[in-house]
Amino acid sequence: MALIYAVKLVDEYDRAVFKQALENLPVDVRNKAARYRKEADAVREIVSAVLKRIVACQVNGIGLHRVEFLRDGYGKPSLKEFPDFHFNVSHSHAWVVCAVSAEGPVGIDIEMIGKAEEGVARMCLTPKELHEWFGQPKDQRDTYFLKLWTLKESYVKATGKGLAENLSSLETIKEGESFRMARQGLVDTDRSLRMVSFDPAYQMAICTAVQDIPINRVDMSMNELMLGFIGLQSGSR
């Protein structure tokens, strides 16, 4: 089973609780959040940092003091001492999501639907995908592009290549309700992708090592998230 933890960012939340949670985050996380010019960007960064720590504790049954994240040469994060704990975080505008799987690497990407520019599409899509994109009714092109984009992003996040991967070298192959990814005609049969029904204003895709793996969604409010984090911090003292 894969889990998707989701937190919706709202304007009205307990800022005192939020500040207390922030003070319990590592210095490097606080410094990174402080560098953002826009408050909304800083909030997304903080919520992402808190969410992955809470998930790490809940899934592995550990205290916060044991949570230490590492990064490999491509920047892919992992939880020290827990190599079988596979997770990935994504955020866009009002949502922060974290996918978790015990069945191998997982990648997730969420994007708010916006205008799909032709120049960007030409850089990210294969000739076949670009032809399919142009073939869509104009009022569906934005959604169609974001579907392909999130599928590719979830894939490169699962493989750990991230920004090192050229998205135009990857081609989505539909298989029933799911997808595979191909590179230069070679299909990756070790990973399965699918679109996840979420918020109609967003597109979200997940990449897992198991096809048709059951997916459960866990929603948390900002206040619930921050109070939970403070409780974990108190319990680790």
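Let's start with the sheet: four strands form an open sheet in the order E4-E5-E1-E11, with mixed pairing. Strands here are DSSP runs of E with at least two residues, helices are runs of H or I with at least four, and both are numbered from the N terminus. Two strands pair if DSSP finds at least two bridges between them. At the edges sit strand E4 (86-92) and strand E11 (215-220), each pairing on one side only. From one strand to the next, the twist averages 20°.

Before we go on, please remember that this is a predicted model: local features need pLDDT of at least 70, side-chain atom pairs count only at pLDDT 80 or more, and totals for chains, interfaces and linings use all residues. Residues are numbered from 1 along each chain as its sequence is written, and side-chain values use heavy atoms, leaving out hydrogens and water.

Now, how many bridges join strand E1 to E11? There are six, and E1 (residues 2-8) and E11 run parallel. Ala6 stands opposite Asp219 in E11.

Helix H3 (residues 39-60) packs on this sheet, touching E1, E4, strand E5 (95-101) and E11; contact means heavy atoms within 4.5 Å. The direction of H3 makes about 25° with that of E5. For such angles, axes are lines fitted to C-alpha atoms, for helices over the stretch in contact, and the angles run from 0 to 180 degrees between N-to-C directions.

On to the rings. The structure holds six aromatic pairs. Rings of Phe, Tyr and Trp (its six-membered ring) pair if their centres lie within 6.5 Å; planes under 30 degrees apart are stacked, over 60 edge-to-face, and the rest tilted.

One of the pairs is Tyr13 with Phe18, tilted, at 5.2 Å centre to centre and 50° between the planes. Are these two buried or exposed? Both Tyr13 and Phe18 are buried, that is, under 20% relative accessible area, where exposed is over 50% and partly exposed lies in between (1.4 Å probe, protein chains only).

Phe145 is buried because its relative accessible area is 6%, while Trp149, at 22%, is partly exposed.

Finally, ring pairs link Phe69, Phe85 and Phe87 into a cluster, and Lys52 lies over the face of Phe69, 4.8 Å from the ring centre.

Technical notes
Lys NZ or Arg CZ within 6 Å of the ring centre and 35° of its normal.
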